[in-house]
Amino acid sequence: MPASQDAADALARWHAVVASRDPAGLPALVAEDAVFRSPAVHTSQEGRDTVVGYLTAAFTVLGPHLTYEREWLGDDSAVLQFRSEVGGLDVSGVDMITWDADGRIVDFTVMVRPKKALDAVIQHMGAELVRMLEAAGS
């Protein structure tokens with residue numbers, strides 16, 4: 001079954017925000033009840049503000065060197081293979097994104113390899129999330 005134009009449009013909006021390197025565009029892309037699944041955190045992270053927070057931190061940690069190499073598009077979802085660099089290590093991974101009927105992200109799952117790179121991502125993401133919380137006065 002061919003991918004829907006709605007999924008292609010939602011993916012194009014995602015790519016535009018990633019290319020801008022500006023997380024200010026994220027809230028408009030994420031549904032209120034979205035879920036973020038990270039290889040660094042055991043439990044799912046739920047809600048727009050939380051998902052936007054994790055994606056914002058990822059823009060800081062992975063974004064400067066992030067390139068998408070391949071993608072697979074479904075009717076309401078996509079799998080994006082990426083490469084980046086964190087702490088001097090090559091990071092390979094996939095983003096699995098699912099959109100609702102309005103084209104907003106409802107599920108965002110990240111997988112990262114190799115383990116040494118995942119460890120670096122965990123360390124840098126943790127530091128960035130703490131920095132963001134402190135900057136917000138939390």
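This report describes the fold, surface, core and some local features of a predicted protein model.

## Overall fold

The protein chain contains 3 helices and 6 strands. In sequence order these elements run α-β-β-α-β-β-β-β-α. The radius of gyration is 14 Å, close to the 14 Å that the globule rule gives for 138 residues, so the chain is as compact as a globular protein of that length. Taken along the principal axes, the box filled by the C-alpha atoms is roughly 40 × 35 × 30 Å.

Contacts between residues at least 6 apart in sequence were also sorted by separation: 51% of them join residues at least 24 apart.

## Burial, surface and charge

Of the 138 residues in the protein chain, 38% are buried. The chain exposes about 7,500 Å², and carbon and sulfur atoms supply 54% of that area.

The protein chain carries 11 positive and 20 negative charges.

## The nonpolar core

The largest nonpolar core has 36 residues, and Trp14, Leu55, Val91 and Phe108 touch the most other members. Elements giving two or more residues to this core are H1, E1, helix H2 (48-61), strand E4 (77-86), strand E5 (89-99), E6 and H3. H2 provides the largest share, with 8 residues.

Leu55 gives a view of the packing around one of these core residues. Setting aside residues up to four places away in sequence, Leu55 touches Trp14, Leu26, Val30, Phe36 and Phe108.

Ser20 belongs to helix H1. Its relative accessibility is 43%, so Ser20 counts as partly exposed. The C-alpha atoms of Ser20 and Ala31 are 20 Å apart in space, with the two residues 11 apart in sequence.

Arg21 is in the loop that connects helix H1 (5-20) to strand E1 (30-37). Arg21 is also partly exposed, because its relative accessibility of 40% falls between the 20% limit for buried and the 50% limit for exposed. Most residues other than glycine have a negative phi. Arg21 has a positive phi, near 60°.

Arg113 is part of strand E6. With a relative accessible area of 53%, Arg113 is exposed, because the cut-off for that class is over 50%. Apart from neighbours within four places in sequence, Arg113 is in contact with Val91 and Ser92. The C-alpha atoms of Arg113 and Val91 are separated by 6.3 Å, although these residues are 22 apart along the chain.

Most peptide bonds are trans. The bond joining Arg113 and Pro114 is cis, with omega about -15°. Pro114 sits in the loop between strand E6 (105-113) and helix H3 (115-135).

Methods: Residues are numbered from 1 along each chain as its sequence is written. This is a predicted model: local features need pLDDT of at least 70, side-chain atom pairs count only at pLDDT 80 or more; totals for chains, interfaces and linings use all residues. Side-chain values use heavy atoms; hydrogens and water are left out. Helices (H or I, at least four residues) and strands (E, at least two) are DSSP runs, numbered from the N terminus. The radius of gyration is taken over C-alpha atoms; the globule rule is 2.2 Å times the number of residues to the power 0.38. Buried means under 20% relative accessible area, exposed over 50%, partly exposed in between (1.4 Å probe, protein chains only). Contact means heavy atoms within 4.5 Å. Accessible areas come from the Shrake-Rupley method with a 1.4 Å probe; for residues, only the protein chains shown count as cover. Lys and Arg count as positive and Asp and Glu as negative; His and the chain ends are not counted. The place of a charge is taken as NZ of Lys, CZ of Arg, CG of Asp or CD of Glu. A nonpolar core is a set of buried Ala, Val, Leu, Ile, Met, Phe, Trp, Tyr and Cys residues joined through side-chain atoms within 4.5 Å.
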